[in-house]
Amino acid sequence: MELWKKQRRILIAFGIFLAFMFFCTLVSRAVYASKLPQVTAETPRRMALNHTVNAEGIVHQGREYAVTALSGLRVRTVYASVGDHVTGETLLFDLDLEDLRQKIQEKELEIKKLQLQIASMEQNRSLDAQKKQTENDRAQEDYARAEQKTNEALDRAREDLEDARDAYEDHKDSGVQLTPEEDREAAQAAYEEWVEQEESLRLEMNKSKKAYEEAQEEVKRLEAEVSRQQEEQGTSNAEEEISGEPKEPEEGKDSSGQPTDAAGAAADSGERSEEDKISGSDAEDDTSGLSAQLEAAREAEKKAKTAYEEAAAAYESHTAHPVEKPDFSGEDAGQSAWEEKKEALKDAVTTAERAVEDAEQSQSDQLLDAGRKVADNQLPPDADSSLSVSRLELSVLQTELAAYKKVQDASGQVYPEAEGIVTRIQVSPGERVGDGAAVVYADLSSPMQFQVSLTREQKKYVNQGDAVSLKLGSTSVKDLTVDYVAENEMNPELYDARVFLPDQVGTIGQSGSFEVEAQSETFSCCIPLNALYEDASHRTFVYIVSERSGILGTELAAEMVYVKVLDQNDTYAAIEEGVISRETELIVSSTETLEDKAVIRYKE
């Protein structure tokens, strides 16, 4: 029980502690919240922006007229002043008549000189035309002469070519008759065969002749031997009969003292044997052998003679019908001469062809040159505007002279053409009139114009045709339109706008105010102008309401967001959608200066 009471007291004390802590938390949150910046937030809206353009301007004349006078004339007196009201009978200024007369004389002299120059130029141009015609006629004649001359030369060259070709063809048709190569070879072979046979028969004849001569020598030798032996036998027998001993013949000689072959043989071989000196029967046997040899030699001689006669007859028969050596040099020489002439005629044809080509080329060149001369002479003459320019100058001088005389007829006095107010005078007494207007005056009969200068930013909302309200002094003029808007020529940053005023409204130089109201297109995201901020870099941003976790739970914070401004007026600005949407809360006011991520609370 005591334990339960003790636990109960602890629980009560813990509850009291929690209540105290909750109370402290509420107090601290209240203190923390009281120190936070209080903000007012709005969401973007869809709307169109209204723009009002106010500017100050001045009334100008509606239309101006210029009074001109011939430049270069000396002014004698100026009667008008700036701001004078003038009519058609008001004398503005007059010119020096003596100076005018000198100007007229100078112009007349210039006109006379120019007339003489024009006459000379016309005469020279006529002479040039005649000379041009003569040159053209001569060029035509030269062309015709060149054409005839070159045609004749070309015809002659073509005739020479035809003659050369005919001579060449005739020569080719009259070629040299040559022995065919086969016949030449056959004749050469026949000649070589005859020569070979002639040589063979000659050798055979010489051989048989030699054999015959040798046979004759053999017969003579044997006959001499036989005769010697017979003589030796006859002498031996006679000596033996006288002395009873055979006489021994001298060495190398027979009994008659003649040398014999037998003796020579005995001399070569030594002394005869004793058997030859003693036996006579052996000598008789030798004589019988020699006779037999002699008969055989004579028979051989006859055969050799017959063979020799037959060989000689065959040789004589062969040489009696000689075969001449074939000689075709005449034909070859004739063929060479024919070929040389053929080449010469061919060269003549080539030369004639080149002569024709040269004649054709010469004709082409000469006719081209002659034709160019004809064409050149037929070309129009060089552009020469000097005569036309002189005539124009004469016309201008005559017009100026007429103008001078018109001024002289008006006694040099200058008047305006209509009623108006002089706004500018460009001449002075004693000075010469320059180019441009001498006197400028405003036309009072035409409506006035209100002119105002606009900045580039104002020009965005002012266009030609826009409705405009004017206030001139105590008079307000509505239902007008902007009639003219253009960039200022002197300052590109400014624009000139003009409004034509109704009749009898405004005076020249009167000041006034200019007001134009314009409405932009409809934008989806427009915010109050005081919600926009600009940083040091001139970038535009806004603060939006966002949530974040803090020490006391979920808190509101100001978040910086950069935006792009599309258009704005004095109260609202149109920004580009994207980061900012139609549901985004933008901070439009705050009790303190805000910073990015600063904790805020809504204003109570």
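## Surroundings of Leu95

Leaving aside neighbours within four places in sequence, Leu95 is in contact with Leu73, Arg74, Val75, Arg76, Val407, Gly412 and Val433. These contacts, like everything below, are taken from a predicted model.

## Nonpolar cores

Leu95 also belongs to the largest nonpolar core, which has 27 residues; Leu92, Phe93 and Leu95 touch the most other members. At least two residues of this core come from each of strand S6 (93-95), helix H2 (97-173), helix H8 (386-409) and strand S9 (439-443). The largest share, 6 residues, is supplied by H8.

Strand S13 spans residues 484-487 and strand S14 spans residues 494-500. The two strands pair in the antiparallel sense, with 4 bridges between them.

## A nonpolar surface patch

Phe14, Phe17, Leu18 and Met21 make a nonpolar surface patch of about 400 Å². One of these residues, Phe17, is found in helix H1, which covers residues 2-34. Phe17 counts as partly exposed because its relative accessibility is 46%, a value between the 20% limit for buried residues and the 50% limit for exposed ones.

How values were computed: Residues numbered from 1 in each chain as written. Predicted model: local features only at pLDDT ≥ 70, side-chain atom pairs only at ≥ 80, totals over all residues. Heavy atoms only, no water. Pairing = 2+ DSSP bridges. Core = buried A, V, L, I, M, F, W, Y, C linked by side-chain atoms within 4.5 Å. Buried < 20%, exposed > 50% of the residue type's maximum accessible area, 1.4 Å probe, protein only. Contact = heavy atoms within 4.5 Å. Patch = residues over 30% accessible without salt bridge, like charges linked within 9 Å, V, L, I, M, F, W, Y side chains within 5 Å. Areas by Shrake-Rupley, 256 points an atom, 1.4 Å probe, with all protein chains shown as cover. Salt bridge = Lys/Arg side-chain N within 4 Å of Asp/Glu carboxyl O.
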